[in-house]
Amino acid sequence: EWCGDVEGKCIVDLGCGGGLLSIPLIEKGAEVIGVDLSRSSLATARAVSKSGPSSRAGRFICAGVRRVPLRSEQADIVLLADVLDHLPDFETALSEASRLLKPGGLVYANTINRTRRSWILAIVLGEGLGLIPAGTHDHALFITPESLTRNAAATGLQLRDMRGDRPAIGKTLRSWAIHFAPSSSLAVAYSAFFQKVQAC
């Protein structure tokens with residue numbers, strides 16, 4: 001919805017995992033480069049991208065999101081989905097996203113807010129009930145919207161939109177897998193959309 005038509009666009013998915021976002025974007029015609037440290041996740045993403053209905057297959061490389069072996073200003077869009085709240089220095093990943101972007105390029109990020117409510121839902125309940133593997137999250141690494149916006153601006157990324165996400169409790173309990181729904185509140189999780197407004 002935020003990115004519009006991705007046909008032919010170069011999209012770098014930082015922390016792509018098994019291709020949850022990469023694969024649908026490949027199927028929509030994007031030229032996707034997925035980056036992750038997990039070799040097993042990358043193997044899954046490669047296999048799925050090659051077996052999908054699209055004639056294109058993504059390019060998946062094993063690397064960290066703080067130092068990506070790609071040239072500067074080559075991406076139209078950079079994704080940072082479910083990545084930043086696992087990094088003690090998330091600012092470095094934002095800076096790297098900005099470096100990879102062409103001027104005017106877009107960044108999509110989603111993360112968890114550092115609030116008491118997010119601690120209860122993500123760690124106490126999510127990890128406590130086994131919906132999320134224990135130890136996945138550290139509340140100290142959760143990021144407030146203000147901190148994300150401020151640090152993004154320091155790398156030349158200007159906020160264009162921000163929207164809240166909340167756990168869809170009924171659907172989560174029925175499937176015993178985490179599902180989210182849009183929310184007017186940013187108190188638990190949120191998605192942010194930035195645009196590169198200057199070279200950094």
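P69 counts as exposed because its relative accessibility is 53%, where exposed means over 50% relative accessible area, buried under 20% and partly exposed in between, using a 1.4 Å probe and protein chains only. This proline lies in the loop between β3 (59–62) and β4 (75–81). Strands here are DSSP runs of E with at least two residues, helices are runs of H or I with at least four, and both are numbered from the N terminus. Leaving out residues up to four places away in sequence, P69 touches I61 and A63; contact means heavy atoms within 4.5 Å. P69 and P24 are 45 residues apart in sequence, and their C-alpha atoms are 24 Å apart in space.

Before we go on, a word on what you are looking at. This is a predicted model, in which local features need pLDDT of at least 70 and side-chain atom pairs count only at pLDDT 80 or more, while totals for chains, interfaces and linings use all residues. Residues are numbered from 1 along each chain as its sequence is written, and side-chain values use heavy atoms, with hydrogens and water left out.

Now step back to the whole chain. Of the 200 residues, 48% count as buried. Among contacts with a separation of 6 or more, 69% join residues 24 or more positions apart.

Let us look at some buried places. In helix α3 (residues 90–100), the buried residues are F90, A93, L94, E96, A97, S98 and L100. Their cover includes β1, β4, β5 (101–112), α5 (145–154), β6 (157–167) and β8 (189–196).

Strand β1 (residues 10–14) holds D13. Leaving aside neighbours within four places in sequence, D13 is in contact with L21, S22, I33, G34, V35 and L79.
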